[in-house]
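Please open the model in your viewer and keep the residue selection tool at hand. The stops below each begin with a selection and then say what is found there.

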Amino acid sequence: MAFEKPAPFSFKLINNNLRVLKGEDITLKVTTEGDIKPENISIIANGNEFFLQENNGFYEHTFVSPDKSTSFYFLANGITSKQYGLTVLEVPFLENFNMKLMYPSYTNRQPETLQSTGNATFPEGTKVQWTIKGNHIDSISLKVKDSKIGFNKKENIFTTTKNIYQSTDYSISTSNKNVSNFEKLEYKFTVVKDASPALQVNQVKDSLNPNVLYYSGTASDDYKLISIKLVCYPSNSIENKQIINISSPNSNVAQFYYTFPSGLSLEPNVDYNFYFIATDNDAIHNGKTTKSQVFSTVLLDDNALKNNSLQQQQQLLNNLDISLDKFKEQKDVLKELNNKQKEKTSLNYTEQSEVKDYLQKQQQQEQMMEKFSKQLKENLQKSNTDDKQNKLLQERLERQEQQAKKNQKLLEELNKVADKINKDQLTKRLEELGKSQKNSERNLEQLLELTKKYYVTEKLAQLAQDLEKLAEKQEVLSELKQDQNFEKEEQEKLNKAFEDLTKELDELENDNQKLQKPLDIKANKAKQDAVKQDQNDALEELNKEQGSDNSSKSDSKASNKAAKKQKSAADKMRQMSSQMQQSSSGSSGASITEDAEMLRQILENLVIFSFKQEQLYNDISSKDDDLAKFSTTIRRQKELRTLFEYVDDSLFALSLRQAEISEKVNKDITEVFYNIDKSLEQLAENRTYLATANQKYVLNSSNSLADFLANLLDNMNQSMKSGAGKGQGKGQGFQLPDIIKAQNSLKDKLGKQANSKSSEGKKAGEGQKPGGSKPGSDGKKGKTGEKGSEGEGGKKGENGKNGASGNGENKNSKGKNGNQNGENGAAGQGLSEEELKEIYEIYKEQQQIRQALEQQLNDMIAKEDKNLAKKLLQQMEDFENDLLENGITNRTQTKANIIQHQLLKLESATLKQGEKSAREANKAKNKFTNPITTKPEALQNYRNEIEILNRQALPLQQIFQNKVQRYFKTND
C-alpha cells in the first residue's frame, strides 16, 4: 500500500451557518492549517474569483446581498478546498401599501385612500383600513402601544381595520418561515378632535314691558349644529327644568331669535334662571353642547307691572321737566340773538357762529323732546284702558313727537343756510322760530302738567289697589291658625309692606303738591297711624304668645288678641283704600261744572276783545295817515293786548286741567300776541297799512279761537247733561247698550199693545170674516157711518182688518171710499183716549232713543259705523211718522223689529273700534308666526346686522385645516 504525501496546508471555514436572508450581506471567514502559509487565498463562486483579505489571522470575503443560493470553494497555491454551498433565504417583500380612511358619517366626507404611506391626519373616530400586497409573507402584524393586531390574509393580500379615536404611533411588521418581524415600519396618526359649538347670545329688553325680553344669538360648529335649546328653571329648584327647542339648523352656522317667555309656563314673582345650549352632530360623543351665559329675571304680575309702568312714567316726567327748563333757557338765548339782529346792520363771524351754535343746540333739544314724548306715549299705551284722559294725552304726545321731528328738520335746514342768507331774511326766520318756540313751550307746560296729574291719579288708584290686597292678606292671617313662628314672620312682612306703602303715599303727596292745582288726596294720617299701631300690637301679642310658658288657656287668649288687632288693621286698610279710590276717581262732576263756568267767562271776555279789536281796526282804516300817529291808537292797542293777556292766563290755567284744550288754542294765542306786537311796531313807525294787516291776523286768530272754545263749551255742557241723565257718579251718558235696551223694551211694549188690540178685535168679531153680512160689508149702501164701532166699509169686506173706525160724517160714501179709509185712516179715529195716550208715549220714547243715537253719532270713529247709524236714524224717524199716522199695525211692528236688528249690528261694529289693534290676534288667522323662533319686531332695527352666510368647509386636507386653525389661535 502506498502513502500520499501530506499537503503543506488545508482550509478551515469559520462560518457555521451558510444561510443568509435575501438582501442581506454575509462575510465568509476562512483560515489555513499546515506548515506552509499561503500567500493569497481566493474564492471561486459561479465562475468568478474573489481574493480574500487577511484580517487578524483570518481571510475574509463579503458577499453583498446575494440574490440567490450559490456554491463556492477556496483556492491557494494551486490547492483547492472542498466545495461549499451558500443558501439565500426568501424574506417578506411588500409590493403595495394602501390605507383607506373612512371618516365618521356626521362629517359628510367621502372616504379617502392614501398610497404608500401610513401617516395621516383625520377626524376623531375615523375607520382606517390597511391593504398590503406582498410576496413571501406568511403574516403581518400591527402593533399599537401594548396591543397587537394581525392582518387577514387572502392569497397574497393582507387587510385589517381599526377605528382611531386619538393620536397614536403604530408599527407594521412582516414575518415568514425564514424570519419574524423582518421589517418594522413606524407610522403616526394625528387625530383632530371635533370642536365644541360656539355660542353667543345678546339680550335686548322691552322698554314697554319688563316681562318681555328679546334674544338674538349666533351659533357655529366645525361640522353641523343639530339643535339650539332654551333651558329655564326656578333659581331655587334647578331640577324643575323646562326645555324649549328653538331651532334645528342642520348647518354649521345659525342665527336664532327668541322672545321670552314664549313657550314657557312660568309663575309670577318667582326668580327664574335660563340659558341657551347649542348641540352639534358629533355622533361619537352623542353631540357636544355649549352653554351660554345664565340670564335671570322675575316675571311680574299685573300689579307689579302697573307699579313698574308708573315708575317709568315718573322718570320720564322728570326728564321732561329738565328738558322744559333747558327749553326755556334756549328761549332767552334766542331773544338775545333777535335783539342783536335788530341792533346791527350786519353780523360778524363770531355772531354768526353764535347763531349756528344756538340752532345746533336747539336741534339737539328737539331730538330729546321727540325721544321723551315717544317713550311717554308708549308708557301710556301699556295701560290697556279706554280712559278718555289717557287717549287725549296719547294723541297730544304723538302730535308733540311729530312736531319735534318737523322742528328738527327746519332747524337743520336753517343751520345750513344761516351764513348764506342776508340779515333781513335771517331776522325773519329767527322771529318765526321764536314764535314757534313760544308755542312749543306752552304746549310742553300744558302737556307736562296734564300728564303729571294723570300720573298722580293712576298712582293713587294703584296704591289703593295695593292697600286692598294688603288688607286681604292681613285678614287671611288673622283667620289662620298656623305655627307661631310662621304667623310672626308673616306679620313682620305685612308691617314692612304697609310701611313701604305709606312712604310711597307720602312721595305721591309731594308730587301732588307740585301740581298747579293739587288733587284732593284723602290720605288720612290718623288712619295710617292707627293701622301701624294695630299691626305693632298684633306683633307684640304674637311675641308674647311665642315666649309664654303659661297654660294653653292664656296662649289662646293672647292669640285672640292678636287676631282682633289684625282684623282691625285690615278693616282700617279697607277704609283707607276706599277713600283713596274715591280720590282717584276725582270729583269729575264738580270739576267739569267749574271748568265749564270758567270757560264760559273766558269766552265772553274773548268775544269782548274781538269786538274791541275789530272796532280799533275799523277806526284805523277810516282815519287819515296823519291821524294814525296819535298815541291814542297805540294806547288802545296796548289795552287790548292786556285784555287778551287775561284771556291767555285764564285759558292756560284751564288747559292744565282739561286736555281737550289742545295745541290749536296755543297756536291761535301765539298768533294773536305775535301780530299784536307787530301791529304796535308798525303803528309806532307810522306804517298804518302794515299795522291793519297784522290786526286782520289778530281778528282771524281770535275768532278761530272763539269758535273752538264755543264748541268745546257745548261739548262740556252736553257731557254734564248726559252725566246728570244717568245719575250721580256715572258721567257716561246714554250709551249704545242703553239705547239697544230701551229699543228692545219699546218693541216689547209695541207687541203687547198689538196683541191686546188683536184680542179685542177677535172678541168683538169685527173684520174677521171677509164677505160677511155685517153692516157695511158690501159698501154699497154707505152705512159706514151709522155705527162708529161697525163702520168697516170696504169692497167685499176686504179692508175690515186694517180699516180705522168710521166717524159717521160720510153716509153716502161708496165702497171705494170705504176701502181708502180702511187703509189710510188716522190712528186717532175711533180709538179711546187711553189708547191714544199709549201710542203717544211710544212715540215719545222712540224720539228720545233717536236723539240719544244722534248724540252717539259724534263719537263714532269708523265711517261704516256712521253710515249705519245715519240709516238707523232715518228708519226711526220713518217709524215715528208711521206710528202717528196709522197707529200700531203689522207694518209698524215689522219696522220696530228691523230697527232692533240694525242696532245690534251697530253694537257689534262699534265694540271693535275701542279695541287696540296691537292686542288683536287677527294676524294669526292669515299667517302664523312662532314667537319663539321669529325675529321680534323690536330687533328689526337693533344694530346694523350683517347677514351671515352658511360657510362650507374649505377643500383642504385635514392636516392643512389643522394648521389653519393653529394659525388663527396663535396670539399675536
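Begin by selecting Ser116, which is found in the loop between E12 and E13; helices (H or I, at least four residues) and strands (E, at least two) are DSSP runs, numbered from the N terminus. The model is predicted, so local features need pLDDT of at least 70 and side-chain atom pairs count only at pLDDT 80 or more, whereas totals for chains, interfaces and linings use all residues. Residues are numbered from 1 along each chain as its sequence is written, and side-chain values use heavy atoms, with hydrogens and water left out.

With Ser116 still selected, check its backbone: phi is near 55 degrees, a positive value in a residue other than glycine. Ser116 is exposed, with a relative accessible area of 59%; in these terms buried means under 20% relative accessible area, exposed over 50%, and partly exposed in between, with a 1.4 Å probe and protein chains only.

**The sheet that contains E12**

Next select the five strands that form an open sheet in the order E12-E11-E14-E18-E17, where the pairing is antiparallel; two strands pair if DSSP finds at least two bridges between them. At the edges of this sheet are strand E12 (112–115) and strand E17 (152–154), each of which pairs on one side only. From one strand to the next the twist averages 20 degrees, where axes are lines fitted to C-alpha atoms, for helices over the stretch in contact, and angles run from 0 to 180 degrees between N-to-C directions.

Within this sheet, select strand E14 (residues 126–135) together with strand E18 (residues 157–164), which are joined in the antiparallel sense over eight bridges.

Now move to the five strands that form an open sheet in the order E13-E20-E19-E15-E16, for which the pairing is mixed. Strand E13 (120–123) and strand E16 (147–150) stand at the edges with a single partner strand each, so one side of each is left without a neighbour in the sheet. Neighbouring strands of this sheet are turned by 30 degrees against each other on average, direction ignored.

Select strand E15 (residues 139–144) and strand E19 (residues 168–175), which run antiparallel and are joined by six bridges; here Ile140 stands opposite Thr174 in E19. Then follow the chain to Lys145, which lies in the loop between E15 and E16. The phi of Lys145 is near 50 degrees, a positive value in a residue other than glycine, and Lys145 is exposed, with a relative accessible area of 59%.

Which way do the side chains of strand E4 (residues 42–45) point? Ser42 and Ile44 point one way and Ile43 and Ala45 the other, and all are buried. In a regular strand the side chains alternate between the two faces of the sheet.

E4 and E5 form a hairpin with two residues between them, and Asn46 in the turn has a positive phi of about 55 degrees. E4 also pairs in the antiparallel sense with strand E8 (residues 70–76), over four bridges, and the bridge partner of Ile43 in E8 is Phe74.

**A cis peptide bond**

Select Phe260 and Pro261, between which the peptide bond is cis, with omega near 10 degrees. Pro261 lies in the loop between strand E24 (251–260) and strand E25 (271–280).

**The largest cavity**

Select Leu320, Leu324, Met369, Ser373, Leu397, Leu444, Leu447 and Leu448, which line the largest cavity. On a 1 Å grid over the protein atoms alone, a cavity is a set of points where a 1.4 Å probe fits but cannot get out, and lining residues have an atom within 4 Å of a point. The largest cavity has a volume of about 60 Å³, a volume being the space filled by probe spheres set on the points, which are joined across faces, edges and corners. Helix H1 (302–343), helix H2 (349–382) and helix H4 (423–479) are the elements that give two or more residues to this lining, and the largest share, three residues, comes from H4.

**Helix H9**

Finish at helix H9 (residues 631–655), which has 25 residues and reaches 36 Å from its first C-alpha to its last, close to the 36 Å expected at 1.5 Å a residue; the expected span is 1.5 Å times one less than the number of residues. Among the buried residues of H9 are Leu640, Phe644, Val647 and Leu651.

How values were computed: 1 Å grid on protein atoms, 1.4 Å probe; cavity = no way out; pocket = protein on both sides within 12 Å on 5 of 7 lines; lining within 4 Å.
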